[in-house]
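Biologist: I am new to this structure. Please show me how to read it, feature by feature.

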Amino acid sequence: MLKYYKGSFIFTGICLALAAWLGHEMSGNWSGTLGILWIVIVLGVLEVSLSFDNAVVNATVLRDMDPKWQHRFLTWGIVIAVFGMRIIFPLAVVAIAAQLGPIEAIKLAATNPVEYERIITGAHIGISGFGGAFLAMVGLDFFLNDEKEEHWLGMVEKPLAGLSRISGIALGIVMLALYFISRMLTPEEALTFITSGIFGLVTFIAVQALGSVLEGDGGDAMTQTAAKSGFAAFMYLEVLDASFSFDGVIGAFALSNNLFIIALGLGIGAMFVRSMTVMLVEKGTLTEYRYLEHGAFYAIVALAAIMLLSAHFHIPETITGLIGAAFIGMAFWASVRSNRAEATLEDANPVKPTGETLN
């Protein structure tokens, strides 16, 4: 199992070395350096705890993806995840919100981290609307599916699967959630929240539409090749990772407002999430533990609800991480119990090679 995490440990060593150098340059003493190293480690742990469900969902998509595109996501995708979402995305938010150029945004982050933090946190309403709406659609799309044969919590999932016959119900649920939460906000905040939520919905629909176009109708060889390549799945996973990373990026400011410290800590977490994804795919863990996927999507729905509600209520990131971990843990235990029950039943009723029971 450790072989899957070799690259992550090497990357962690590099990031910690950079953090030590940065801490010494900033503080000039060992106590300040150790303090920054501790923050980077805590940020890495925070990112892993918030994103384990992301690894499970990534593995769900990757197991059916063309091997070439699997490799591309696990190489290019992690570069986008680490540098794009943990560095470029916050800078882009600051540049747009403060109407600055990219160079000015970098200078602001380096020379005035307090103002940089203020602008980032001020964009929380829009981030909550976009990320919450997109993740809500991802979660509901999984449960509102009448073709889903495996159910973990049947009392909840079977009725939801039956509702899938109602066209556009997931879209309606999310739009109602956006509307009711917007009623708690000031008019200006409500407009930002709803507008961002609509963009989140449109992004989800666009990614789904891209997948449908690439799948084609079976008659176009070029379309079939494109579908097999997994380009649509790649784009879906990138947007999904972006939505998952919003809360980690915002929550990181509770520990530091330095862009580079945050990037190092969250980058470590993102690499371990990649390693978990690879392990889940190659070891077939999702097949072995049948309810892990369900637990991850319950966690996604919970995270979506938290992101939407955080537009008005302050919800600590610790709670977010614990809820996701709880769903994953319960799903894992339920899978283990189910596997044991099946093994016991098979031992009690052994089967001949012809398919007849021996009893």
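**Reading the model**

Modeller: Start with I262, which is buried, at a relative accessible area of 4%. Buried means under 20% relative accessible area, exposed means over 50%, and partly exposed lies in between (1.4 Å probe, protein chains only). I262 sits in helix α12 (residues 259–282). Helices (H or I, at least four residues) and strands (E, at least two) are DSSP runs, numbered from the N terminus.

Biologist: What kind of model is this, and how are residues numbered?

Modeller: This is a predicted model, with residues numbered from 1 along each chain as its sequence is written. Local features need pLDDT of at least 70, side-chain atom pairs count only at pLDDT 80 or more, totals for chains, interfaces and linings use all residues, and side-chain values use heavy atoms, with hydrogens and water left out.

Biologist: What is the mean pLDDT of the protein?

Modeller: pLDDT is the predictor's confidence in each residue, from 0 to 100. Here the mean is 80, and 87% of residues reach 70 or more. Confidence is highest in helix α8 (residues 169–182), at a mean of 94, and lowest in helix α10 (residues 221–229), at 42. Over residues 217–229 pLDDT stays under 50. For that stretch the model has 16 contacts beyond four places in sequence. Contact means heavy atoms within 4.5 Å.

Biologist: How many helices and strands are there in the protein?

Modeller: The protein has 15 helices and zero strands. Of its 359 residues, 48% count as buried.

Biologist: How do I check the span of a helix?

Modeller: The expected span is 1.5 Å times one less than the number of residues. Helix α6 (residues 124–143) has 20 residues and should span 28 Å; its end C-alpha atoms are 28 Å apart, which agrees. Helix α14 (residues 292–309) has 18 residues and should span 26 Å, in agreement with the 26 Å between its end C-alpha atoms.

Biologist: How many residues of α6 are buried?

Modeller: In α6, 17 of the 20 residues are buried, so the helix is largely enclosed by the rest of the structure. α14 is mostly covered, with 15 of its 18 residues buried.

Biologist: Which side chains meet in a salt bridge?

Modeller: A salt bridge is a side-chain nitrogen of Lys or Arg within 4 Å of a carboxyl oxygen of Asp or Glu. The structure holds one. It joins R118 and E115 (2.6 Å, N to O). The two are three residues apart in helix α5 (residues 113–122), which means about one helical turn separates them. An α-helix has 3.6 residues a turn, so residues three or four places apart point the same way. E115 is partly exposed, with a relative accessible area of 25%.

Biologist: Is E147 buried or exposed?

Modeller: E147 is exposed, with a relative accessible area of 66%. It lies in the loop between α6 and α7 (154–163).
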